Amino acid sequence: MGKTPAQRAAKHGEKAVQPPQAAKMTAPRTEQQAKSNANLILIAAVATTLFMFFYLHLLVLDQMTQLSDGMAMPDSLVGGYSMAYLEDLRGVMDSDALGQLSYVHKTAGTIFPLIFGFTWLLIIGLNARGRARRWLLWAAPILFVIVDLWENVVIDQALGSAELAASDAALASALTIARWVLLGLSLLASVVAVFGKRTPAQGPRAAGPGTGS
């Protein structure tokens, strides 16, 4: 017959009855691995977002000026634009150029805001404390994605319509301004989430009732 745990403990000590799993500290290791995996995903997402930003704004949209006699694409104008600007742009861009801009909006112009939104939601979600605070900081990147995708559609409609309406031009300009403002607010929200998670050190405890001067 096999020895009981008490007999093994008396002969070999407490280590003989200790389960193998007890010697393994799996919880801290699992938590550390999960945090490391999340950081790797975050780094890859940030790198992809930065690449798509520079690819869209500094490469693709900049090259589009070759099809518009040097006029910048509406997406690049941080301060917005007038109806006259869109009219002039419509006059120098033929149907092929407008189709090329629409293709940019459907590809890189769609991929960038989606990747940006995912990355910034991840940054804020991993760093912001509290559900209310997290949702408050999430508002800017979520709205940025919506406005950016909406802006793409409105610009294509305004430039491709048979006759440019003042309301379409005003809406496109407003969405472009809002897009850049929300992009800046999203960057600010991530900074608040990362650096605001550290609570200030508590001051000295108040003196107890038994202490006096």
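Visitor: Which side chain does the side chain of T119 make a polar contact with?

Guide: Its partner is the side chain of T49, at 2.9 Å. A polar contact here is a pair of N or O atoms within 3.5 Å; within protein, one has to be able to donate a hydrogen and the other to accept it, and residues adjacent in sequence count only if both atoms are side-chain atoms.

Before we go on, a word on what you're looking at. This is a predicted model, so local features need pLDDT of at least 70 and side-chain atom pairs count only at pLDDT 80 or more, while totals for chains, interfaces and linings use all residues. Residues are numbered from 1 along each chain as its sequence is written, and side-chain values use heavy atoms, with hydrogens and water left out.

Back to T119. T119 sits in helix α5, which covers residues 108-127. (Helices are DSSP runs of H or I, at least four residues long, numbered from the N terminus.) T119 counts as buried because its relative accessibility is 0%; the labels are buried for under 20% relative accessible area, exposed for over 50%, and partly exposed in between, with a 1.4 Å probe and protein chains only. Who else does T119 touch? If you skip residues up to four places away in sequence, T119 is in contact with L42, A45, V46 and T49, where contact means heavy atoms within 4.5 Å.

A pair of aromatic rings is described by the distance of the centres and the angle of the planes. Rings of Phe, Tyr and Trp (its six-membered ring) pair if their centres lie within 6.5 Å, and planes under 30 degrees apart are stacked, over 60 edge-to-face, and the rest tilted. That rule gives eight aromatic pairs. Take F53 and F112: the ring centres are 5.7 Å apart and the planes are at 55°, so this pair is tilted. F53 belongs to helix α2 (residues 26-63) and F112 to helix α5, so to speak a link between distant parts of the chain, 59 residues apart. F112 is buried at 1% relative accessible area, whereas F53 is partly exposed at 21%. Both rings also belong to a cluster: ring pairs link F53, F54, F112, F116, W120 and F144.

W120 leads us on to S190, which touches W120, I123 and I124, again not counting residues up to four places away in sequence. S190 is in helix α7 and is buried, at 9% relative accessibility.

Helix α7 (residues 166-195) also holds R179, which ties into helix α6. Side chains of opposite charge can pair when their charged atoms come close. A salt bridge is a side-chain nitrogen of Lys or Arg within 4 Å of a carboxyl oxygen of Asp or Glu, and the structure holds three of them. In one of them, D148 pairs with R179, with the closest N and O atoms 3.0 Å apart. D148 lies in helix α6 and R179 in helix α7, so this bridge ties together parts that are 31 residues apart in sequence. D148 is buried at 2% relative accessible area, and R179 is buried at 2% too.

R179 also meets E151 in a salt bridge, at 3.4 Å from N to O. That pair again links distant parts of the chain, with R179 in helix α7 and E151 in helix α6, 28 residues apart. E151 is buried, as is R179. Shared partners join D148, E151 and R179 into one network.

For a contrast, look at E87 and R90. They form a salt bridge with the closest N and O atoms 3.7 Å apart, but both lie in helix α3 (residues 83-92), three residues apart, about one turn of the helix. E87 is partly exposed at 34%, while R90 is buried at 18%.

Conventions
Helices (H or I, at least four residues) and strands (E, at least two) are DSSP runs, numbered from the N terminus.
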